[in-house]
Amino acid sequence: MKFTRFTIVALLLVALVAVSVAPAFAQDTLPRNETLYFNGQQWGSVVGWNPYSSNNNNAMAISQGDNARVLMFETPYLYNMLDGQVYPLLADGPFAWNDERTELTFSIKPAAHWSDGTPVTAADVAYTWATHVKYSTPTGAGNVDYIDDIVALDDSTVVVKAKLNDDGTAVNPLIVQAYVSSNYVIQMAWTQALEERVAEDATAFLADTAEDVVFSGPYYKFFTDDSKVILVRDDNYWGQDASMWGSLPVPKYLAHTIFKDNAAGTTALQAGEVDVSQQFNSNVQDLWLVDGLPISTYLPEAPYGIGASLPTAFFNLTGSSFGLDNLAVRKAIAIAVDYPTIIANAMTNQSATFDQVPRSLMNPTPGEQALYDQAAVADLQWAGNDIEGAKAILDEAGIVDTDGDGWRELDGQKLSYIATCPNGWSDWQAAIEVVAAAGAEIGIDITTNFPEWSVYQTVVTKSDAPLPEGYDIFMMWSAGAGPTQPWGRIRNLLSSEWLGMASNWSGNWGGYSNSEVDALIQAIPSVTDEAELKDMYTQLVDMYLTDIPSFTLMYRPQSFHTVNESVWTNFPYDGDGTEPPVPPLDLMDGWSVAGLYNLELVNP
Amino acid sequence: MKLMLKQVFGSGKFVIGFVIFLAILLTVVIYPIFVPDAPLKIISRGTFLSPGIYVNLYDSIDSATRYTLITDDAEARRVAGRLSDEDRAKMREWLIGNGVDEAEIDGADTAQLLDLWELNFDPTVRLPGMTNADRNYYIRLTASLEGLLSTEGATIASTNPETGALEQSDIVNQTDYVHVNEVANSRLFILGTDNFGRDVLTELISATGVSLTIGFVAGIVATSIGLVLGLVSGYVGGMVDQVIVFIMNLFTVIPTFVLLILISFSIGQESRGAFTIAVVIGLTSWVWTSRAVRAQVISLRNRDHVNLSKLSGHSIAYILAMDILPYIASYVVMALILQISSGILAEAGLSILGLGPRTTEVPTLGLMLNWAMIYQAHILNKWWAYLPIILVIALISFSMNLMNTGLDQVFNPALRD
């Protein structure tokens with residue numbers, strides 16, 4: 001027994017080493033040749049796997065919307081932002097409207113089955129909707145004004161019934177149609193099990209972490225902690241059936257390290273520890289031009305990606321910013337801003353310029369650009385940096401510097417504004433700095449201020465009262481690409497239906513109101529005639545560029561998509577020959593998931 | 001006084017520190033006289049332009065005089081600039097991979113290589129193991145090889161405003177040179193530009209001035225508070241002393257920087273001007289000065305001349321100012337120098353965390369570092385956007401610490417030679 005103490009210490013040491021090495025061992029055993037690494041999606045640790053909840057913080061598995069993420073849960077259809085079409089996933093063939101456009105019918109693929117082996121049925125689709133309504137989830141609340149009911153005609157046939165106006169037409173067929181590519185189908189049996197577990201308590205229902213959830217997609221939870229999320233392929237995935245993909249997706253594991261910040265993510269991308277990067281890497285071209293790394297983007301040259309959303313600066317029109325109700329002031333500021341510098345410096349050229357894609361309400365995709373008559377509004381589309389033009393507008397409106405202090409006055413009062421955006425949003429901050437610089441050029445005092453996001457969002461989304469001081473010109477986003485676009489984006493930017501809401505996360509935060517615009521926004525969803533649509537969209541662009549309630553500062557991609565081809569290759573790129581084309585959305589959103597089936601190893 | 005100055009300037013350390021500090025101060029004062037640009041003016045489209053001279057291409061074509069220089073290696077340099085050895089090897093690799101006989105390729109013969117390339121290269125062909133990044137590289141390379149071996153000059157043409165047709169106006173020969181000084185527009189960026197496209201040198205010098213001011217304000221605030229509290233507490237003693245020591249102890253146990261972060265965060269960015277930040281730094285960093293002053297005062301207060309002054313009926317303020325302060329003045333000056341230095345460091349530390357003065361108004365050293373970090377200058381090897389700033393901060397602290405050590409050697413009896 002002489003060595004007892006020594007033995008105990010030794011055993012303790014061994015135990016300590018084992019404990020500290022075990023997790024490291026678990027993560028290092030992922031075979032590099034079977035794992036696709038991501039960054040820029042997941043920040044902070046995963047909360048849950050409940051597809052009904054919007055508080056999962058589970059970016060890899062759960063993200064419903066215009067380009068729904070379909071790695072674990074699946075939608076009936078997949079939206080493709082490149083051609084604007086939807087392609088069947090769980091659904092079998094295209095959907096069909098009845099003649100009145102009040103009922104949309106589709107069927108479920110016979111091959112589709114859940115991870116527990118039971119078939120996906122029309123009843124699942126119907127029950128998912130009923131549950132969304134019953135527990136008033138965001139999906140339920142967002143669609144209940146437009147969808148009356150979803151019913152299962154038989155095991156495979158689903159009918160989506162639109163809410164009707166008094167005259168018997170659908171309230172909004174566009175939103176009804178978008179539902180089938182934006183929202184997951186969730187298993188009825190699992191949903192009922194969950195309801196039983198929480199005794200149908202709505203709060204508990206949405207708060208459940210759903211570790212036992214049944215899914216239909218090709219990947220599911222393998223491992224998560226506060227440093228990473230790993231999904232593993234379900235080799236029993238129904239989609240390998242010839243009626244869908246015909247094979248399994250190539251990578252066995254999808255892994256996402258949770259990085260501290262963008263800089264850490266970029267370093268990992270440079271080192272080849274990340275294959276697909278969904279984050280803003282400033283001066284991304286340096287990665288291949290200067291560093292010579294095997295890194296590429298969807299387009300080989302600037303803007304490197306497909307612009308989809310329009311980050312926009314709003315004027316405060318709620319009455320609390322002196323002088324901004326004057327069109328001459330708004331127009332002068334908007335045309336004086338140096339947009340080429342915003343795009344070159346704040347976005348490091350990762351946006352199309354306004355010379356390439358003249359400003360309108362449309363994003364730069366060809367589909368949206370074709371929706372309005374560019375020649376008709378060409379006179380209104382300013383390219384920016386027009387200092388002389390801006391000065392002339394102000395002079396003409398009688399807004400001049402009367403007291404010689406270098407700043408212009410309106411009715412004897414100096415024009416002085418604060419331009420703002422959330423602190424830490426670096427590309428937006430840099431853009432707002434350029435907006436402020438334009439003010440000094442034309443004699444309008446604009447200073448910048450960057451409140452914390454927690455404060456900023458509360459102030460900006462409170463649309464039932466005039467905006468407080470400090471929010472004269474402020475930046476917010478607009479919708480990207482999706483099945484309801486560009487209508488949805490225009491509605492968000494311009495519709496007065498959001499005014500008066502205590503919590504407005506939709507848009508028109510500046511408080512613009514124009515009954516003609518409202519009428520057009522109301523009418524468009526029911527219009528199917530293309531010429532008529534084009535005319536209506538052109539009218540909207542015309543009114544937007546005439547009234548200038550807000551002005552777009554740059555184009556931004558739906559997702560940043562930069563790939564490192566050290567291990568994997570054959571990622572989507574412009575002209576890659578895929579048919580239909582695979583969009584650059586990180587191989588997980590909407591039709592871009594098709595890219596997972598095309599991947600190849602560089603060194604097989 | 002004269003003797004004291006002589007003693008101080010006799011210290012080598014002090015002199016070196018003083019000279020460095022003076023050089024920085026003079027640069028801050030003199031530079032703006034010669035380069036009057038606003039320090040925050042956005043001058044380049046495109047971020048992080050590397051240091052060097054930028055010559056206006058348009059003006060250089062229009063430059064009055066062209067010189068012809070006959071140099072032997074001009075063509076070789078021109079070719080090498082667009083087609084490196086690495087490029088040649090990659091072209092060779094592609095050609096072989098695509099079935100061209102290896103023996104046929106002479107990597108050194110540029111003309112032959114280009115012919116082979118033009119004959120064979122097809123951007124749509126995908127060789128095994130070839131990535132899209134490789135494909136993009138070959139397409140870029142092919143574009144840059146256009147006209148590589150041409151011996152003709154480049155034609156300059158302009159559009160006729162009436163007919164819209166291109167009309168040749170000039171030919172630039174391969175042997176044409178212009179004198180940099182004769183080009184109407186050229187610009188020297190000694191330290192390149194930053195993420196906003198601002199001239200780093202101009203911004204840096206302005207920022208140094210602002211940071212020094214912040215340091216001075218912070219140092220003076222901190223030293224004044226420390227001095228007053230230390231004098232009163234040490235001399236008066238009793239209950240007053242106990243209360244002040246209690247406050248000092250409170251500030252000693254709370255880490256200064258944490259306190260600084262909390263205060264900066266809570267006053268919000270709207271009111272965080274450079275001056276406010278300086279005052280906040282001053283308000284949180286006086287505690288060590290006051291402790292040291294108090295200790296010294298306690299040892300001084302029972303000296304004979306102080307007692308004499310007391311007996312003469314002088315007020316406390318008079319005694320503190322005339323009989324005690326002169327004995328600790330050298331210490332206070334040294335403390336002030338250190339406070340200034342640490343004030344500058346504190347501002348840099350705060351700004352790096354995004355809690356410094358608000359931007360757009362004035363540049364500070366910390367804000368420059370903050371933006372360089374946000375735009376990943378350190379990852380993208382844009383050294384000019386952060387290294388000079390770090391050097392300036394280091395130089396300022398170094399010079400002040402040197403001065404402090406020099407003074408210490410002169411005034412501290414324990415260290416005196």
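How many salt bridges does the rule count over all chains? The count comes to 29. Keep in mind that this is a predicted model.

Start with A:Asp275 and A:Arg32. Their side chains meet in a salt bridge, with N to O at 2.8 Å. Where do the two sit? A:Asp275 is in the loop between helix H7 (262-270) and strand E11 (276-277) of chain A. A:Arg32 is in the loop between helix H1 (4-28) and strand E1 (35-39) of chain A.

Four strands, open, in the order E4-E5-E7-E6. The pairing is antiparallel. Which strands stand at the edges? Strand E4 (91-97) and strand E6 (147-152) of chain A do. Each has a single partner strand, so one side of each has no neighbour in the sheet. On average, neighbouring strands are turned by 15° against each other, direction ignored.

Let's go pair by pair. Strand E5, residues 103-108 of chain A, runs antiparallel to strand E7, residues 157-162 of chain A, over 5 bridges. To find your place there, look at A:Ser107, which stands opposite A:Thr157 in E7(A). Next, E6(A) with E7(A). That pairing is antiparallel too, over 5 bridges. A:Ile147 stands opposite A:Ala162 in E7(A). The link between E6(A) and E7(A) is a hairpin through 4 residues.

What lies across these strands? Helix H2, residues 122-134 of chain A, lies across E5, E6 and E7 of chain A. Helix H2 of chain A runs at about 150° to E6(A). Helix H4, residues 173-182 of chain A, lies across E4, E5, E6 and E7 of chain A. The angle between helix H4 of chain A and E4(A) is about 175°.

On to the backbone. Most peptide bonds are trans, and most residues other than glycine have a negative phi. Here are some exceptions in chain A. A cis peptide bond joins A:Ala302 and A:Pro303, with omega about 10°. A:Pro303 is in the loop between strand E12 (295-297) and strand E13 (307-309) of chain A. Another cis bond joins A:Glu579 and A:Pro580, with omega about -5°. Look for A:Pro580 in the loop between strand E23 (568-569) and strand E24 (600-601) of chain A. Then there is A:Thr348, with phi near 40°, a positive value in a residue other than glycine. A:Thr348 is in the loop between helix H10 (339-346) and helix H11 (366-369) of chain A.

Last, the interface of chain B and chain A. How many residues are in contact on each side? There are 36 from chain B and 47 from chain A. Together the chains bury about 3200 Å², with 48% of it on carbon and sulfur atoms. The rule finds 3 salt bridges across this interface. One of them joins B:Arg198 to A:Glu433, with the closest N and O atoms 3.8 Å apart. There are also 12 residue pairs in polar contact.

Which helices of chain B supply at least two residues each to the side that touches chain A? Helix H7 (132-145) and helix H15 (365-374). The largest share, 5 residues, comes from H7(B). By class, that side of chain B has 11 nonpolar, 16 polar and 9 charged residues.

Technical notes:
Residues are numbered from 1 along each chain as its sequence is written. Chains are lettered from A and ligands numbered from 1 in the order in which they are written. This is a predicted model: local features need pLDDT of at least 70, side-chain atom pairs count only at pLDDT 80 or more; totals for chains, interfaces and linings use all residues. Side-chain values use heavy atoms; hydrogens and water are left out. Contact means heavy atoms within 4.5 Å. Buried area is the accessible area (1.4 Å probe) that two parts lose on being put together, summed over both. A salt bridge is a side-chain nitrogen of Lys or Arg within 4 Å of a carboxyl oxygen of Asp or Glu. A polar contact is a pair of N or O atoms within 3.5 Å; within protein, one must be able to donate a hydrogen and the other to accept it, and residues adjacent in sequence count only if both atoms are side-chain atoms. Ala, Val, Leu, Ile, Met, Phe, Trp, Tyr, Cys and Pro count as nonpolar, Asp, Glu, Lys and Arg as charged, and the others, Gly among them, as polar. Two strands pair if DSSP finds at least two bridges between them. Axes are lines fitted to C-alpha atoms, for helices over the stretch in contact, and angles run from 0 to 180 degrees between N-to-C directions.
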